[in-house]
Every structure is written in structure tokens, then in C-alpha cells.
Amino acid sequence: MSVLDAKIPEGPIKEKWTNHKNNINVVNPANKRLIDVIVVGTGLAGGSAAASLAEMGYAVKAFCFQDSPRRAHSIAAQGGINAAKNYQNDGDSVYRLFYDTVKGGDYRGREANVYRLAEVSANIIDQCVAQGVPFAREYGGLLDNRSFGGVLVSRTFYAKGQTGQQLLLGAYSAMNRQIGKGKIKMYNRHEMLDVVVVGGKARGIIARNLITGSIERHSAHAVVIASGGYGNVFFLSTNAMGSNVTAAWKIHKKGAFFANPCYTQIHPTCIPRSGDYQSKLTLMSESLRNDGRIWVPKNKEDVEAIRNGSKKPVELSEEERDYYLERRYPAFGNLVPRDVASRAAKERCDAGYGVNQTGEAVFLDFASAIQRYGKEAATVNHEPDASKERIIELGAEVIKNKYGNLFQMYEKIVDQNPYKTPMMIYPAVHYTMGGIWVDYNLMTTIPGCYAAGEANFSDHGANRLGASALMQGLADGYFVLPYTMGDYLADEIRTGPIPTDSPEFDQAEKDVRGIIDTLMNVKGTKSVDHFHKELGMVMWNNAGMARNETDLKAAIAKIRKIREEFWKDVRIPGEATELNSELEKAIRVADFLELGELFAKDALERNESCGGHFREESVEIGGEQEGEAKRDDVNFKYVSAWEWTGDPGEAKLHKEELEFKDIELKTRSYK
Amino acid sequence: MSETTMNLTLKIWRQKDAKSKGKIVSYPISGISGHMSFLEMMDVLNEQLINEGQEPVAFDHDCREGICGSCSLHINGEAHGPDRGVTTCQLHMRMFKDGDTIFIEPFRAKAFPVIKDLIVDRTSFDRIQHAGGFISVNTSGNTQDANSIPIPKADADKAFDAATCIGCGACVASCKNASAMLYVSAKVAQFSLLPQGKVEAKDRVLNMVEQMDKEGFGNCTNTGACEVECPKGISLENIARMNNEYLKASITREA
């Protein structure tokens, strides 16, 4: 019998959330102010949770490692946010959003959570508009929508290419209102380094003031971890430089199970690596695949000629190009889901068809779209005799209106004009579907400790659909936690303030100081980045887009070795009692070095292909689906929740069996 | 795609902490590719310093794609360096030539005290937002339907343009008065253009301007350097809009 209880409410899926809200405990307003809540992270999930909890009357303390809550990495999300509003009258509904999300996640998400997400999605848009978030509008003054990959309706709300920024600034403004009232106490430039568990309950955290280096104790009746994803375990990703797993990993080591760590989203359209000095990768929005055609040359001679500059890509005729997505997936073509598009690019590059110096790039070509739009524009403009050049000019104008900011960004980075020559793109780590295991109430396996947003594992299964991350972050923070936490906190009204001088706080602080002292005293020869890059290489080569038993076993051995060397040979200049960026990085990389091993172990254990997790041993043999990912519902229809036992290699697996009562299990086909 | 690299001299502001005195220190650096971003060049320098047993240069940075607003730096006397419409993290080394000397300093303003090396304290910006940079609406599952408030597209677009401010502080660093008017006006303008924001418009502008003055930012003398250096192209028109709002509010607000 599993120790995991997902606490999914009884009743039909449509009524679960409503019934649950009606049946759970609430805390009376006078008592709320006697209850402290700590929120770690101020992105969409943490920021919205902190603001909502403070509005309700709880005394909130919010923490972020950046210099302001507005800098959390949710700010960088480009495309949009999904909501089942059906403003376009195209048949969208809560059920359809629920269905698309479960299917898009390759049937590895929890039905009840996903349904609730779809259910509250419409409220998010209402809430954000009321806060003054300037979403894109039509000329009639109503909200505009666009469509995204993997779905058949237009349900994505957006603010040009800066939707994440606008939503985060909305949550930030809601926080500011509460900070101004003294209901949220904000701790900028603070990093959580441990959770304190007293009598089996989360009762506070140990944090380091990043300016002074002082170690602080903060107590509360409940702790929310909203610290984002762990894509930076790969070193290179589209995450911000500071994005890290530390808060999540620390609660894991204190008893919170870590679920599906191997589920990683590798986004197909990012700007390729240009050299060893590369510090991060930049995403080019998925929306580009609406008009861009992806290809590599058919012949190796042309690949070589393009790489050495003797031939330009535009010189290749149609017959000399391999539009491999259109060839392999005629039904969906360039608009297959992210995991499928990424693997196909890797397949071509591994076969030697990569088009840049590193051999890791494919073309994303807008020439056909420019021609098509140019001809349309010429017709509309009554220019039947428009010259070839005029058509290109008109077409480029249309493309500029749709994707201008992305084209400009590309040109600034690569120094090539994407209107004239195809973009070069390659997949990059973008999002992690795995994370801290939570029940229906978003509580972890530590009572009183919650996880929200990308930090938890719950809603996206093995693959997240575009424009669903923003939706989940805000759903968790605005509309789920404020209710579910009340149920737990109702029992805390007589507890009184939590003292910080208990033996548990003493021990936690001592442990944190111990780690810092050890790190500072290694006084080795290599920088933190050196180890982080080594780890990233192993993760990318052995546990990246395609995984197999041999590589994963090798990865585990290599990571253990890097970890050992890290603790023997890392060099951190400066002192621990001052602002020390290298120490900050070292603490985070130490945790990545443990998580990386659990990641590989999880990938090894899951001997099936599902969503972003592709095992080379598990592919379809014969028939139309030949060579495609093969999911194994008989043996792997569960959530892997790992329990810390003192060493990542010895983590204990618990399984939460997934039940699909409202959606029929099917093979995803994009042929 | 030339593979030639550059040798440069970096003159960088080093300051141990808020209380210590700072100074410019010279660092030679070689093998810099034009494809590197400015901050990747700084990474190379820091790796070099760590290997030599020295303390690396501290600077703020996070997203490295021009949206979080963490990175700052005054490069050769310009906020975010010589390119236009980019933050320091989007600035590329191809903007420089082999043999160049590059001065790298923190953003300078009384309201942005230096914390260490190139890192400054910009929490004064947050405190201005606490004073009124919001619409007072509680989270509620019963908020009126989003489409019940139609907003003319032109207004919505203008509000969006103002809202794209990333709060980096380049406007303050570029202004001879260290004024925060562009930053404050971007938020005031965003909300004054939207019907949701009109209810509290008067209190908002008065409170935010009061806090801005308290923080020690200077006043605006319409030089326009802020608009030139702003990586997001926030328009000076926002300042005019804020002045208009401020005047209206100070005359008509009930005591």
C-alpha cells in the first residue's frame, strides 16, 4: 500500500472542486492575522499566493533571491496564457481545455488537478484584467486571442511577446499593495537554505541575507515553496541564470517527495549555442512555427558547403531541401508538439545534417510565408503586376507585424537578418514538468509545507502545452492555495507564534552554517561554473532528448564523480559574511549535483517513452507509427515519487497510480 | 562570421561594500569573440580572476534576455552601453573593436547606493510602487467578466507600451538630475489610460510622486536622455501624461 494519499475529493469530476471548497475548514478573519505564512519565490505562483493570502488577512513573509520580486523568471514568458473563455465561439469549454492538457501531457497528469486548473482558468483572466493587465485587444475593445500548438481552438490570451511580464507585474502590483499595508513583509536578496520541521510540521525556514551573508531564522505556521523549475541542472537552458532547485531540494531532503524528476521539456525553437563561453540559451516563441518551415539540406555535400560558407542556404533549390517535419508528420507538419519537433531536429543533426559549425542547428525558414503573404497583400493593394521584389517587400512587412520583436532579438544575438536568410534554431531545455509531489491541496508530504507553480509536479504530466505554465502558476496562487491552506491552518488558530529558539531551529541553522563553512574551506582550484558545466554536459549528452539504459547508468556514475570532485576542489573566493555571488552559485550547484543523479535514476527506472521523456528502448515497431515514442500504460501509468534516504542514489520510489475515469487513454498520433 | 577575437582593456569600478570607498581597477582581457554578449565577456573575466585567486567582479544579472531588468552597468558613460534598445545582457561584443578600453561603472544616483562593485540598491523603485503602483482589487473568483469592460485598442496599446518598463533604472542613471520621472510615469500612465485605474488615479499619482521625492530622486528638466537610453523605448510622453494627472489631482483632490 502506497504511503501517498492524493486526497482527491469524491464525486464527479465537475463537482469535485466546488464540493471540496464547500466542505473544507475556513479560518475566521480575526484569527487569520494571528497566523504567519512564509512564501518562497515571487514569480506568478509565489507572487499571486503571497498577495492573495495577505488580502485574506494572513501575516505573510515573502522571500526572493533577486533584488525585487518583479524579477522572478516568470517575467520572461513570451507567448500567452490559456483560459477556457470561449470568447471566439469556437467550441472551447472547461472540458476541452482539460482534455487537451491531459492528452498533451501524454496521460501522465492527475485528472482531478487538471480539471480544476481548467475550471479556474477563466477567473484568472477576469482577475488580471481587473488588476490592469494590458492584454491585447481587438478594435471593438474586447480581448483578442490566438492559437497555440497541440490544440484546435483559440484560447490563448496575450500581451504581444511579453505576456509573462505583464502577468507578473500584475501579481507584483497586488503584492505591492499588501507590502504598502504591512500585510506582506518582503525579504529581497534572501535565499532560503532550509526548511525547519517541528513536531512533523513545517514551521519556518533558514534564509541567508545575500547582502550581509547573515543566516536568519523565520518562523511561520505554514510554508509555501514557489521557487520554479530546475532546468538549470543542464547548465544551459532558457531559464534565468539564478533559477535553481535549492528551495525544492532542501524540502525534499526534509521529507517532501520529489516526483517525476526526469520529465523535462526541451523546446524546439531556441537560438543555437555559439561557443564555449555561452551562458544561457534564448527562446524563439513557438508562434514562429505557424509561418516558419523547418528544414536541413538533403545532401551531405550541401551541409558541408553551408558550414564552410561556400554556399548560402537560400541557394539551395526546393528539391535539395529536406522539410523533415512535413515529410514525417504530414498531418501536423511544422506544428507538431514540442517534444516531437525537438526529437526530430536531434535525429537530423545526429545523422550529420546540422547546418552550423557545431553541427547542432536546423533552419527555420520564412521565405515561403513571405511569398504567400506578399502575394495576398499585392491582391489586397490592387497591384496585380507587382514585381518579385515588391512581393517580398510586402510579405516581409506582414511578417514584421507578426513577429517583429522576435526577428529583432534574433538579429541582435546572431548578427544575421532573418528576413533574408533562414533562422538557425536548435532545441534547448525550457521547463521541468517534474517537481515536488503534492496532493490535491498542493500540500507536500511534509504537513504544512506546500508547493506551487513549476516547483510542483502536478498538472502537465510528461509534457506541457504552450501557454499553460502561466495559467498553472496563477491558478495555484490566486485560486487554489488561498482555499486549501485554510483547511490546514484552521487547526492552527490556537498555536500562537512559532518560537525560533527551539532545538529544531538550532539544528537547522547549524546544518546550514556547516554546509557554508565546508564549501568556503575547500579552497580548491576550480570555479563553481567549471563543475556546473561538467554536470550540464553529462545531463545533456546522457539524459537529454533521448535516453537509454547504458547512457543513464553512465550518467549516474559520472555525476557522482563530479559531485565528489566538487566537494574536494571547488574554489570560492571572498568571505561568507558578505555579498558573495560565487558562494550563492556553489550552494545551488551542490544541490543540482544531487538532483542530477535522482533525475537520471528516475529516467532509468521509467523504461517507457512518454511526452518529453524518450527512451530509445521504447519505440513503436512496424506500422504507421514506426520509430515513434511508445508509452507503456500497463507498467508505467503512475507518478514516480522519490523519498530521500540520505543519498540520491538510494532514494526510495513510491508510486501514485493514475486513474483515468473521464478521459480514455489513447496513443498520441501526429502522422 | 569571422572568428577573429579582440584584446581589450577593462576599467572596472571595484568597491568592497556600501561603506568602503571604491576605485577603478584595470584588467586586460584577450580572446573575446564578437558573438559573446557583454555579460559573457564579464563571465570570462570572472573565471580568469577566480583562477588567479582574486575576487570576481560582482554584478546583477538574471534572465540574460532583456526582460527581468536585473542587469545594469554604465558602459563607457552610457547606461546599458553603446547599442540602442537593448539591455547590457543583450549588448554584444561586436559593438567594440580590438584594442578598445571599456569603462564599466555602476548606475550612479543618490537613490541607488552601491552595495558592492557594480551592484546597486534599487529598492527605492519598489517603495515607489508600494505607494500606489496598483489597482486596489482583491483576488476573487467573482470578479466581473473580463470582456465587460471594453477598452479602445489605441488606449490598450498605449497602456501596454508604458507597462513594458522593466524597472532597470537606466533612466535614472542617464539623467543629469537622477530623476525617476520616466519610471514613475510609465506606471501612472498605464493605469490612467485604463478605466480600471481611473478610480484611484488621483491618490495614485500624488502618493507615488511624494514617495519618489522622499527617496531622493531629482526632478525632470525635459532633457530626454532617459528616453534615449531606455532599453524598452518608454516614451517621454508618459512624463507629460503624469504631469497632467498630477496637476489635475493636486487641484481637485479632496482633503
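A polar contact is taken here as a pair of N or O atoms within 3.5 Å, where within protein one atom must be able to donate a hydrogen and the other to accept it, and where residues adjacent in sequence count only if both atoms are side-chain atoms. The views show a predicted model, in which local features need pLDDT of at least 70 and side-chain atom pairs count only at pLDDT 80 or more, while totals for chains, interfaces and linings use all residues. Residues are numbered from 1 along each chain as its sequence is written, chains are lettered from A in the order in which they are written, and side-chain values use heavy atoms, with hydrogens and water left out.

**View 1. The contact between chain A and chain B.** Between the two chains there are 45 residue pairs in polar contact, both residues being at pLDDT 80 or more. On the side of chain A that touches chain B, the elements giving two or more residues include α3 (44-56), α6 (163-180) and α17 (581-605), helices being DSSP runs of H or I with at least four residues and strands runs of E with at least two, numbered from the N terminus. The most is given by α6(A), with 9 residues. This side of chain A divides into 28 nonpolar, 31 polar and 19 charged residues, where Ala, Val, Leu, Ile, Met, Phe, Trp, Tyr, Cys and Pro count as nonpolar, Asp, Glu, Lys and Arg as charged, and the others, Gly among them, as polar. Chain A contributes 78 residues to the contact and chain B 74, contact meaning heavy atoms within 4.5 Å. About 6,200 Å² is buried between the chains, 51% of it on carbon and sulfur atoms; this is the accessible area (1.4 Å probe) that two parts lose on being put together, summed over both.

**View 2. A salt bridge between the chains.** A:R189 and B:D60 form a salt bridge in which the closest N and O atoms are 2.8 Å apart, the term requiring a side-chain nitrogen of Lys or Arg within 4 Å of a carboxyl oxygen of Asp or Glu. The count of salt bridges between chain A and chain B is 8.

**View 3. Helix α8 of chain A.** Within α8 (residues 300-307), A:D302, A:V303, A:A305 and A:I306 are buried, that is, under 20% relative accessible area (1.4 Å probe, protein chains only). Because these buried residues fall within an arc of 165° when seen down the axis of α8(A), they line one face of the helix; the arc is that of the directions from the helix axis to the C-beta atoms. They pack against β12 (293-297), α10 (338-353) and β14 (362-365) of chain A. After α8(A) comes A:G309, which has a positive phi near 85°.

**View 4. The surroundings of A:H430.** A:H430, in strand β15 (residues 423-432) of chain A, is buried at a relative accessible area of 16%. Its side chain makes a polar contact of 2.8 Å with the side chain of A:T238. Leaving aside neighbours within four places in sequence, the residues in contact with A:H430 include A:Q265, A:H267 and A:R464.

**View 5. The surroundings of A:F566.** In helix α16 (residues 549-569) of chain A, A:F566 is buried with a relative accessible area of 0%. Not counting residues up to four places away in sequence, A:F566 touches A:L519, A:V522, A:F531, A:A586, A:V589, A:A590 and A:L593.

How values were computed. Buried means under 20% relative accessible area, exposed over 50%, partly exposed in between (1.4 Å probe, protein chains only).
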